Amino acid sequence: MSASSVVVLGGGISGLASAYYLAKSSAARFQKIILLEASSRLGGWVNTTVNEDGGVFEHGPRSMRPAGVVGRNSLELISDLGLADSVVPVLRDHPGAKKRFIYANQQLHQLPSSLKSLLTRRPPFSKPLISHILKEPFIKEKILDDESVHDFIRKRLGQELADYVIDPLCIGVFAGDARQLSAKSCFPVIFNPARQHGSIVKGELFGKKDPVPKDSCALVQRARKERWPIWTLKQGLQGLTDTLAETLTTKYGVEIHKCAPCTSMEFTAENMVKISSEDKHFDADHVISTLPAKVLAAVLPDEHSSLAEILNQIDSVTVAVINLEFEGAVLPEEGFGYLVPSWERSKLLGVVYDSCTFPQHDRPGPGTTRITCMMGGHWFNDLFGEADGVSPEFLLNTALETLKDHIGIAATPLKSLVTIQKDCITQYRVGHSQVVDDVDDYLTAGQLPLMITGASYRGVSVNDCIFNSKKTVEKLLCR
Ligand SMILES: Cc1cc2nc3c(=O)[nH]c(=O)nc-3n(C[C@H](O)[C@H](O)[C@H](O)COP(=O)(O)OP(=O)(O)OC[C@H]3O[C@@H](n4cnc5c(N)ncnc54)[C@H](O)[C@@H]3O)c2cc1C
């Protein structure tokens, strides 16, 4: 195949990683790689503020998992980019790794994190959790092709696990409602083997294992040897997107245009694509869209309105992120933080104890405590109305009042930063995988020079976004 040109839409982690894998794949294969980003900054939801005093506030993702194929792939990328020395791991025994709490029935409860803790009865559970786990393989009810995360866990492991563990977990990952989110799309690593073997426990025991390849990079080997549960970067996770952007321009000559929203797309008779960004136009052999599904739907040409209709089924929720810094030690106990189950009807989704997990991000000098409150998500509009109409002061005061009520922090913060992140987390509702298959079928049948990836489709974590970008580029290379 002769050299061709590619336009990548979106400069979040998915767009930057797509451009990186394209550039690395073969300089001769792609004559020109152009990336268009609507806003004035790259990184998308990966967004770190380093305060003047050196303290770090993460407004989006703050940690990544090293485990599994997707986790290892990100570490390989980190290594490739020369960032291995910037990695800050959390070790297994650190409270930031093993102590996760939920706030339920007016108090914090530590969730089980070891085999021993499964064997004893601990509030809020009425029985040791092991009793539910031992019964699960004998439950006759068939696992459906897809069902809500809450139903899946309630039917197999009981109401308490669904209410106290899975409901808050869905809030922690998706800011979403476990009764609507899809078990198949949100937790495929658990759901798919469970469905295959007829049981979660059997799926875990007999499902296909995923051995670490012997030729993995030193960083992957280290993460495995030291059994890191999570990691970040010294400079915050934006260090990854900043380095990617820098590498793309200086090493690979990728053309990055900021403040360049894709406003329309046209497929030509020669099977090329013409991308318009306001008054600028870009012709290319291929386009990789990493735009949120609804944004892509809005720029498609009229003749593909049925594709737009499918994409419009995928929507996202808004989260208010409130970064706070207090003087001294204010936390009731060390840990990763706490989540609030939806049935508590709290205004807070959860609180991350940033200083405990990553003290390296605290400002140098006298001790302070950084925490992050998350609010809204699936319930944003019910609680606060339209995102454009709510004031940051109101959100800050609500967060502070709720913190005081939950964990007794009554002090005035030294610093606070409120960001209202509109439509920031895609909701994979029951049936989502069918919607994604329908998009794929449409693109394959039409042989369009358009490929899609990004958090709207097959995983919202930064690891998933990077891995799926790589897969998309590999697919393009096979064309
Ligand atoms: C508050 C929060 C906390 C999170 N915490 C974690 C975590 O701890 N760990 C983890 O792994 N993941 C976490 N995530 C998830 C993860 O950060 C996101 O899923 C991921 O960053 C999405 O990346 P993306 O590139 O697919 O999409 P985006 O970041 O949305 O990037 C899309 C880009 O496209 C641009 N764009 C939009 N319209 C156009 C247009 N018309 N033309 C051109 N460009 C356009 C946007 O400006 C944006 O830059 C979190 C997310 C949020 C919001």
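I started with a strand partner: Val 351 has Cys 373 in S17 as its bridge partner. Strand S16 (residues 348-352) runs antiparallel to S17, with four bridges between the two. I count two strands as paired if DSSP finds at least two bridges between them, and strands are DSSP runs (E, at least two residues) numbered from the N terminus.

A note on the source: this is a predicted model, where local features need pLDDT of at least 70, side-chain atom pairs count only at pLDDT 80 or more, and totals for chains, interfaces and linings use all residues. Residues are numbered from 1 along each chain as its sequence is written, and side-chain values use heavy atoms, with hydrogens and water left out.

Next I looked up strand S14 (residues 316-327), which pairs with S17 in the antiparallel sense over ten bridges. Ala 320 is bridged to Met 375 of S17. I also checked burial (under 20% relative accessible area, 1.4 Å probe, protein chains only), and nine of the ten residues of S17 are buried.

I found one cavity of 30 Å³ or more, a cavity being a set of points on a 1 Å grid over the protein atoms alone where a 1.4 Å probe fits but cannot get out. The largest cavity holds about 60 Å³, the volume being the space filled by probe spheres set on the points.

Its lining residues (an atom within 4 Å of a point) include Asp 354, His 361, Arg 370 and Thr 372. Strands S4 (56-58) and S17 (368-377) each give two or more residues to this lining, and S4 gives the largest share, three residues.

Note on methods
On a 1 Å grid over the protein atoms alone, a cavity is a set of points where a 1.4 Å probe fits but cannot get out, and a pocket is an open set with protein on both sides within 12 Å along at least five of seven lines; lining residues have an atom within 4 Å of a point. Buried means under 20% relative accessible area, exposed over 50%, partly exposed in between (1.4 Å probe, protein chains only).
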